Amino acid sequence: MKTILAPVDFSSATKAVVAEATSLARALEARVVLLSVIQPPVALPEYAVWDNIAEITAAGEKSAAKNLSRLQSDLERDGIQTETLQFVGSPIAHIVKQATRLKADFIVMGSHGHTALYDLLVGSTTHGVLMRANCPVVVLPAKGGKKPKK
């Protein structure tokens, strides 16, 4: 059976990512694997309390698990075979590793439309996955992007 890996972060892009993954799964008679990767907050000693990092990460994991379960139920109700995975760490590394492990036929993910400066300073998960993935990556544009003039 073919596999569509859909990394989700529960941002405004998630609905479009799940819809596209579902559409592709139907067309290919594939299953969808929903993947959530919680990236622990970066703590700088002068700005954050180190003790709260574990609590923040745990809260993120709990919220992600609940959202993944809801998405899985919705997809299975629509007749799409679905699996969920959840990790803590680097999103790029986990997405690429799971795509390889699952022998994913496609990765479907969103582009959040950050500025070039943001991507330069912080990095782009989508760009990192595009550069490292061993399968095609379907990138959905950020909502609110400007439409080309006619």
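The model is predicted, so local features need pLDDT of at least 70 and side-chain atom pairs count only at pLDDT 80 or more, while totals for chains, interfaces and linings use all residues. Residues are numbered from 1 along each chain as its sequence is written, and side-chain values use heavy atoms, with hydrogens and water left out.

**Overall picture**

- The protein has 5 helices and 5 strands; these are DSSP runs numbered from the N terminus, with helices being H or I of at least four residues and strands being E of at least two.
- Along the sequence, the elements follow the pattern β-α-β-α-β-α-β-α-α-β.
- Of the protein's 150 residues, 36% count as buried (buried means under 20% relative accessible area, exposed over 50%, partly exposed in between, with a 1.4 Å probe and protein chains only).
- Taking contacts between residues at least 6 apart in sequence, 75% join residues at least 24 apart (contact means heavy atoms within 4.5 Å).

- Helix α1 covers residues 14-28, 15 residues in total, and reaches 21 Å from its first C-alpha to its last, close to the 21 Å expected at 1.5 Å a residue (the expected span is 1.5 Å times one less than the number of residues).
- Its buried residues are T14, V17, V18, A21, T22, L24 and A25. They lie on the same side of α1 because they cover an arc of only 170 degrees around the axis (the arc is that of the directions from the helix axis to the C-beta atoms).
- The face turned away from that buried side carries the exposed residues K15 and A27.
- The packing partners of the buried residues of α1 are β1 (2-7), β2 (30-38), α2 (52-77), β4 (106-110) and β5 (137-140).
- T22, in helix α1, counts as buried because its relative accessibility is 8%. Apart from neighbours within four places in sequence, T22 is in contact with V32, L75 and I80.
- Just after α1, E29 takes a positive phi of about 55 degrees.

**Salt bridges**

- A search of the whole structure finds 2 salt bridges (a side-chain nitrogen of Lys or Arg within 4 Å of a carboxyl oxygen of Asp or Glu).
- One joins R31 and E83, with the closest N and O atoms 2.5 Å apart. This pair links distant parts of the chain, with R31 in strand β2 and E83 in strand β3 (residues 82-88), 52 residues apart.
- R31 is buried, with a relative accessible area of 17%, whereas E83 counts as partly exposed at 26% relative accessibility.
- D74 and R77 form a salt bridge whose closest N and O atoms are 3.1 Å apart. Both residues lie in helix α2, 3 residues apart, or about one turn of the helix.
- D74 is partly exposed, at 29% relative accessible area, and R77 is exposed, at 63%.

- L130 belongs to helix α5 (residues 125-132) and counts as partly exposed, at 43% relative accessibility.

**Two more residues to look at**

- S36 sits in strand β2 and is buried, with a relative accessible area of 2%.
- Leaving aside neighbours within four places in sequence, S36 is in contact with V8, F10, A64, L68, L85, Q86 and F87.
- P136 is found in the loop between α5 and β5 and counts as partly exposed, with 43% relative accessibility.
- P136 and I107 are 29 residues apart in sequence, and their C-alpha atoms are 6.5 Å apart in space.
- Setting aside neighbours within four places in sequence, P136 is in contact with D105, F106 and I107.
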